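Open the model in your viewer and keep the selection tool ready. Each stop below says what to pick and what you will find there.

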Amino acid sequence: MYKRQAQDRRDLFNKAIETKQQIEWIDKLNKEGKYSYIMRRFYPIFINNIFHYVIGYGVDISELKKTQYQLHLLNSNLEEKIRERTTELINSENKLKISLRTEIKLNKLKSKFISTTSHEFRTPLSAINFAAGFIKKYWTKMSPAIMEQKINRVEEQVAHMVVLLDDVLLVGKGDAGEIKNNPTHINFGNFIYEIMEEVYYSCQKSHEIELIDPRELKNSAILIDEKLGRNIFINLLSNAIKFSPNAKKITIELSSEKEETIIVVTDFGIGIPKSELTNIFTPFIRGKNVDLIQGTGLGLSIVKAAVNAIGGKIIVTSIINNGSSFIVKLPKKYKSCTKQSFRGLL
Ligand SMILES: Nc1ncnc2c1ncn2[C@@H]1O[C@H](COP(=O)(O)OP(=O)(O)OP(=O)(O)O)[C@@H](O)[C@H]1O
Ligand SMILES: [Mg+2]
């Protein structure tokens, strides 16, 4: 080791003479596990271009090295901190952007809510007003049957307004990620048949509802929040019937993939214009081709909020004047119930 160092030094000495240049290097010495750094220099002296001697010296620069190393550490720490702060800044900027977007969306929803509900409430309110006026004027002369009829009318109109308000509240909850998902195992067939029957009768048996179930999934269990599931499929089946006034039937098809249960509701009705396919899940937005078909434009936003809460997906395909299919994909399993992984589902 020392031999090599001595040889190296001799070489450097000769190099300084040859090149007529100062040669500088740093020796790293290990003394009982403690390192020290010595900066050494060979400085050749030439007088009248004739070599005379070499000045050689060494300076202990260990302290300098230590300071340099600490500076280097400090720099890397600083860089790391800057990186962290920049990421934090970007994250908070993104969060701000998201809350701004939500705020804009909520504001739009509010104004749309005010204009739609004030319009939607006008009819029931004037019906209530009319019934109240009638009772006030004729109550001494009214038969109990007529009185009951008028009061029933008031109750019906109030119920209609309550449904509308509940729908709006549910959409609001969906936007705020506050819809609770409590899945339980239920019989798939019972679940679907009950919904089919309910819609069939509430639509005055206007359409046949055909169940397509080639794999007999109706005999299996499905893991779903029953209330949310009912909300989804009652809305989809009612829409399918409502928006296909000239057809006689709609279908509901069950299938299954490895991780998802798939339920497709298909009708052969008016269809949805291509340009409106992405908007129909927004509250109060209705297709331009609905003509006189009644509605507030809230059903699909409730469906979307419920599908999101379940952690599923909904896709729509439609051909104008030909029909539409709403494809709902529901997860077969739910991730472990940590608040993080269930964001938007609680
Ligand atoms: N099966 C369908 N066929 C054709 N258009 C549809 C169908 N389902 C939904 N749409 C279009 O999407 C719009 C939004 O649907 P959504 O269910 O939210 O509202 P709606 O049925 O008009 O009113 P509501 O459900 O509040 O009674 C509808 O107005 C219609 O233009
Ligand atoms: Mg609807």
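The tour runs from the whole chain to single residues.

**Before you start**

This is a predicted model: local features need pLDDT of at least 70, side-chain atom pairs count only at pLDDT 80 or more, and totals for chains, interfaces and linings use all residues. Residues are numbered from 1 along each chain as its sequence is written, while chains are lettered from A and ligands numbered from 1 in the order in which they are written.

**Stop 1: the whole chain**

Show the C-alpha trace. Along its principal axes it spans about 135 × 55 × 40 Å. The radius of gyration is 40 Å, whereas a compact globule of 346 residues would have one near 20 Å. (That radius is taken over C-alpha atoms, and the globule rule is 2.2 Å times the number of residues to the power 0.38.)

Now colour by secondary structure. There are 6 helices and 10 strands. Helices (H or I, at least four residues) and strands (E, at least two) are DSSP runs, numbered from the N terminus.

Of the 346 residues, 19% count as buried. Buried means 20 or more other C-beta atoms within 10 Å of the residue's own, exposed means 12 or fewer, and partly exposed lies in between, with C-beta atoms placed from the backbone.

**Stop 2: helix H2**

Select residues 62–138. This is H2, with 77 residues. From first C-alpha to last it reaches 109 Å, close to the 114 Å expected at 1.5 Å a residue. (The expected span is 1.5 Å times one less than the number of residues.)

Where does H2 kink? Go to Arg122, shortly before the proline Pro124: the kink there is about 30°. The bend is the angle between axes fitted to the seven residues ending at a residue and the seven starting there. H2 is hardly covered, and its count of buried residues is 1.

**Stop 3: Phe188**

Select Phe188 in helix H4 (residues 188–202). Is Phe188 buried or exposed? Phe188 is buried, because 22 other C-beta atoms lie within 10 Å. Leaving out residues up to four places away in sequence, Phe188 touches Leu217, Lys218, Ser220, Ala221 and Ile222. (Contact means C-beta atoms, placed from the backbone, within 7 Å.) Then draw a C-alpha to C-alpha distance to Phe51: the two are 137 residues apart in sequence and 102 Å apart in space.

**Stop 4: two positive phi angles**

Most residues other than glycine have a negative phi. Pick Glu216, in the loop between strand E5 (208–212) and strand E6 (221–224). Its phi is near 55°. Glu216 counts as exposed because it has 10 C-beta neighbours inside 10 Å.

Next, pick Phe284, in the loop between strand E8 (260–267) and H6. Here phi is near 70°. Phe284 counts as buried because it has 20 C-beta neighbours inside 10 Å.

**Stop 5: ligand 1**

Select ligand 1 and its shell. Of the 21 residues around it, Phe243, Arg286, Gly287, Gly295 and Gly299 come nearest. (A residue is near if its C-beta atom, placed from the backbone, lies within 6 Å.) Helix H5 (226–242) and helix H6 (299–310) each supply at least two shell residues.

Stay on H5. It has 17 residues and reaches 23 Å, close to the 24 Å expected. Its buried residues include Leu228, Ile232, Phe233 and Leu237.

**Last stop: Ser255**

Find Ser255 in strand E7 (residues 249–256). Ser255 touches Arg215 and Ile262, not counting residues up to four places away in sequence.
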